[in-house]
Amino acid sequence: MPSPVPAHPPLRVAVLGCGVVGTEVVRLLTTQASDLASRVGAPLELVGIAVRDVETERDAVVDRALLTADAESLVERADVVVEVMGGIEPARSLLLRAVAGGASVVTANKALLAQDGPTLYAAADEAGVDVYFEAAVAGAIPIVRPVRESLAGDRVTRVLGIVNGTTNYVLDKMASEGLDLDQAVKEAQALGYAEADPTADVEGYDAAAKAAILASLAFHTRVSIEDVSREGITSLTADDVLWAQRTGYVLKLLAIAERGTADGVEGVQVRVHPALVPVSHPLATVRGAYNAVFIEAEAAGELMFYGRGAGGEPTASAVLGDVVSVARHRVLGGKGPIESRYADLPVLPATSARTRFQVRLEVADRPGVLAQVSTVLASHDVSIEAVRQTPVTELPDADYARLVITTHAAPEHALRSTVEAIAGLDVVRRVVSVLRVEGA
Ligand code: NDP
Ligand code: HSE
């Protein structure tokens, strides 16, 4: 049966960017036009696609007549502007221009939102238009809407997630196929998961941007990317990946935002770093470019959101969901949520976070060594959960042993001073690695 023809005049949609995500957005707008019109209550008319180079070869679904290098003019003749070009400028100026002209905007640009989202939110609020950004965090996974709408009546205490598909893909390939980091990054780029500059992925900037966005929503507080303590995966070695497996863990790049206390002050801690996750934990099963976000809230308890976190099609799904929402508002009236920052919690230093650690050492293989190491830990008030000593069997002449110590939760600053003191012991040949343990 044909869909009923909506009575509302068409809504003009401009798409800024026609790369990995933009192409799939254009595909859905084109191939799903009739269904989208029925869902919105008005046809969505694609009026232009802004790109850097109009001569570049494009997917056949892209009508070349719609391509333009003049993004400024394009945003002025749109009711809905979809920004999937990335970067800070000209994306920021274009979105502000769109909003000032009365257009609703949808963006997948987490880097921009985490750096200067509040300027855009304030401009949109003043203009009475929507800013939607579901695709900016965790690709296809509905997470922005659940945090800012479904959990608006609850008190979130912690958000723990794998929010970068590229690094999850890379760590997974290192563990399962023994690929080195560079090889695995190249594969992630070829599959369209990585940012234009993959440093943003492997150094944790992309995950930090997403952590800032999630923390802002979950804790009703402005958190920018500068507030996020960040460590990427580039210092991880094949040996770290191997030892994680041997000791019952999987290495993951985690984004963590939680309520905490430092010097008696309550606030939020937001950090991104690699962590050992026990194989029994659901996050350990997240493979490839998939993402997952765990949320702990006082009334809801634990919630987990899982799905494809990167790539053109999954991301376009989230973008189109937002397009339908903002377009419906234009047809039916109303507006989506605006920035909520009433709680205004201080962002606490990440060194105040309490975490479990796994410390790997090479130590002299003789009696009394363990006692010396344990004494240092105890004198810094760091409690040991487990110790495992293994001989270096692959080197018959080796006069040292490997020691893997897992601690109970301790403040990060205490652990750092402990490791420094351990490294200074005569019996310690080398501190091989210090990794946080999460999700236990
Ligand atoms: P791409 O690099 O594949 O595409 C970027 C597009 O934007 C290209 O078409 C490019 O034009 C155009 N563009 C860039 N700069 C300009 C400019 N100054 N003026 C006009 N057009 C410009 O990026 P992605 O599609 O991968 O990512 C787009 C956005 O989506 C980013 O914000 C990214 O963080 C986000 N995102 C990406 C995901 C992914 O899996 N790839 C997932 C979730 C979010 P041209 O083609 O001519 O070079
Ligand atoms: N580069 C990002 C990632 C894209 O790998 O997760 C999705 O935001």
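The model is predicted. Its chain is divided into domain 1 (11-142 + 313-332), domain 2 (152-308) and domain 3 (353-437). This briefing covers the boundary between the second and third of these.

**Charged pairs**
- Between domain 2 and domain 3 the count of salt bridges is 3.
- R360 is paired with D240 in a salt bridge, and their closest N and O atoms lie 2.8 Å apart.

**The domain 2 side**
- At least two residues each come from helix 11 (238-246), strand 9 (249-262) and strand 10 (265-278) on the side of domain 2 that touches domain 3.
- Strand 10 gives the largest share of that side, 6 residues.
- By residue class, the side of domain 2 that touches domain 3 holds 7 nonpolar, 5 charged and 3 polar residues.

**Placement and extent**
- The centres of domain 2 and domain 3, taken over C-alpha atoms, are 25 Å apart.
- Domain 2 puts 15 residues into the contact, and domain 3 puts in 16 residues.

**Buried area**
- About 1,300 Å² is buried between domain 2 and domain 3, and carbon and sulfur atoms account for 53% of this area.
- Of the area that domain 2 buries against domain 3, 41% is supplied by W243, Y249 and L276, more than by any other three residues.

Key. Residues are numbered from 1 along each chain as its sequence is written. Chains are lettered from A and ligands numbered from 1 in the order in which they are written. This is a predicted model: local features need pLDDT of at least 70, side-chain atom pairs count only at pLDDT 80 or more; totals for chains, interfaces and linings use all residues. Side-chain values use heavy atoms; hydrogens and water are left out. Domain bounds come from an automatic or database domain assignment. Contact means heavy atoms within 4.5 Å. Buried area is the accessible area (1.4 Å probe) that two parts lose on being put together, summed over both. A salt bridge is a side-chain nitrogen of Lys or Arg within 4 Å of a carboxyl oxygen of Asp or Glu. Helices (H or I, at least four residues) and strands (E, at least two) are DSSP runs, numbered from the N terminus. Ala, Val, Leu, Ile, Met, Phe, Trp, Tyr, Cys and Pro count as nonpolar, Asp, Glu, Lys and Arg as charged, and the others, Gly among them, as polar.
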